[in-house]
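Subject: Structure for your review

Dear colleague,

Please find below the structure that I am handing over to you. I would be grateful if you could read the notes with the structure open beside them.

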Amino acid sequence: MTNGTLHPKRGLSLAELLVASAVMGIICLSFGTLAMSVQMANEYSQEKNLVGQHARVILQRVERTMQGAHATESFPGILPIAYYYSTYDFPQAIAVWAPAGAPMASYPQVDELVIFAVDPDNPNRFLEVRNENDTSSAPGLTDESAWRTLVANLITNSDSNVVEISDLVRAGKAGSNYYSTLRFQTRVVPTDADIASARAGSTDWEDLNWATSIYSSKAGIRQVWCHFEWQLVPSSNIDEHSRLGEQAVPFFGSSAIYYQVTK
């Protein structure tokens with residue numbers, strides 16, 4: 001038997017223990033930061049997907065309805081409806097003449113209209129409205145107040161078919177009220193004044209601004225073009241929209257219809 005001295009295993013010194021703890025802390029912090037980054041990226045992706053889905057639905061429904069619109073010289077088929085605050089205008093609604101069958105007259109009835117409008121009481125809500133039971137004539141073309149009243153009445157009418165297309169439209173405050181970022185603008189060429197001038201003989205019919213260059217000495221194809229734009233945010237809470245400005249995503253769309261006018 002060999003005599004020997006037992007040597008117990010040596011433990012970690014305080015310095016080694018502190019170093020090991022520091023390394024573990026750095027590793028844990030790195031994993032925590034990575035997990036947080038993954039979570040933030042996932043939330044961002046979900047928000048963008050949600051906003052993109054709402055934008056596609058808005059674009060498809062509005063463009064499809066406009067492309068099937070009916071137009072005459074009395075009514076251009078697509079009519080923006082403006083709301084006002086001070087000197088600012090907010091054309092955040094539009095009437096589209098889209099009869100289910102043949103139109104009843106050269107001017108639309110209410111039941112032949114599809115209204116795309118922001119809910120005046122909740123301007124983050126974009127609505128599609130139709131009332132197939134109201135056979136009264138639509139308001140006069142230039143009677144803006146009557147058109148705004150019609151929109152408000154149709155939205156609250158129990159006979160109306162009201163579809164909420166999106167509740168993510170960004171709204172901003174002007175005065176004490178909120179207004180939507182949705183805008184509709186139309187352009188009609190040749191204009192009414194141009195056609196009237198040509199019919200009166202003051203301008204050559206062939207010299208009018210025919211958008212498609214399709215015309216003859218007695219007739220031509222007139223264009224009604226509508227441009228619309230809007231902003232979406234990943235929240236339906238309108239009180240949060242002011243702080244979500246950097247997250248707002250702008251979208252644009254357009255559509256055009258054509259109809260014949262005669263000299």
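The notes below cover a pocket, the aromatic rings and the salt bridges. Please bear in mind that this is a predicted model.

I begin with the largest pocket, which holds about 200 Å³ of space. Its lining consists of 13 residues, and the closest to its centre are Pro 76, Leu 141, Val 188, Asp 192 and Arg 222. Strands E1 (78-85), E8 (183-189) and E9 (219-232) each supply at least two residues of this lining, and E1 gives the most, with 3 residues.

The structure holds 6 salt bridges. Another of them joins Arg 61 to Glu 128, with the closest N and O atoms 2.7 Å apart. Here helix H1 (residues 14-67) carries Arg 61 and strand E4 (residues 122-130) carries Glu 128, and the two residues are 67 residues apart. Arg 61 is partly exposed at 26% relative accessibility, whereas Glu 128 is buried at 16%. Arg 125 forms a salt bridge with Asp 119, also with a closest N to O distance of 2.7 Å. Shared partners join Asp 119, Arg 125 and Glu 164 into one network of salt bridges.

Turning to the aromatic rings, the count comes to 11 pairs. Which kind of pair do Tyr 85 and Tyr 179 form? Their ring centres are 6.3 Å apart and their planes lie at 40°, so the pair is tilted. Tyr 85 belongs to strand E1 and Tyr 179 to strand E7 (residues 177-180), so the pair ties together parts that are 94 residues apart in sequence. Trp 230 and Phe 251, by contrast, form a stacked pair, with 5.8 Å between centres and 20° between planes. Both of these residues, Trp 230 and Phe 251, are buried.

Two further points concern rings. Phe 75, Trp 97, Tyr 107 and Trp 147 form one aromatic cluster. The charged end of Arg 187 sits over the ring of Trp 225, 4.8 Å from the ring centre.

Yours sincerely,
A colleague

Methods:
Residues are numbered from 1 along each chain as its sequence is written. This is a predicted model: local features need pLDDT of at least 70, side-chain atom pairs count only at pLDDT 80 or more; totals for chains, interfaces and linings use all residues. Side-chain values use heavy atoms; hydrogens and water are left out. On a 1 Å grid over the protein atoms alone, a cavity is a set of points where a 1.4 Å probe fits but cannot get out, and a pocket is an open set with protein on both sides within 12 Å along at least five of seven lines; lining residues have an atom within 4 Å of a point. Grid points are joined across faces, edges and corners, and a volume is the space filled by probe spheres set on the points. Helices (H or I, at least four residues) and strands (E, at least two) are DSSP runs, numbered from the N terminus. Rings of Phe, Tyr and Trp (its six-membered ring) pair if their centres lie within 6.5 Å; planes under 30 degrees apart count as stacked, over 60 as edge-to-face and the rest as tilted. Buried means under 20% relative accessible area, exposed over 50%, partly exposed in between (1.4 Å probe, protein chains only). A charge sits over a ring if NZ of Lys or CZ of Arg is within 6 Å of the ring centre and within 35 degrees of the ring normal. A salt bridge is a side-chain nitrogen of Lys or Arg within 4 Å of a carboxyl oxygen of Asp or Glu.
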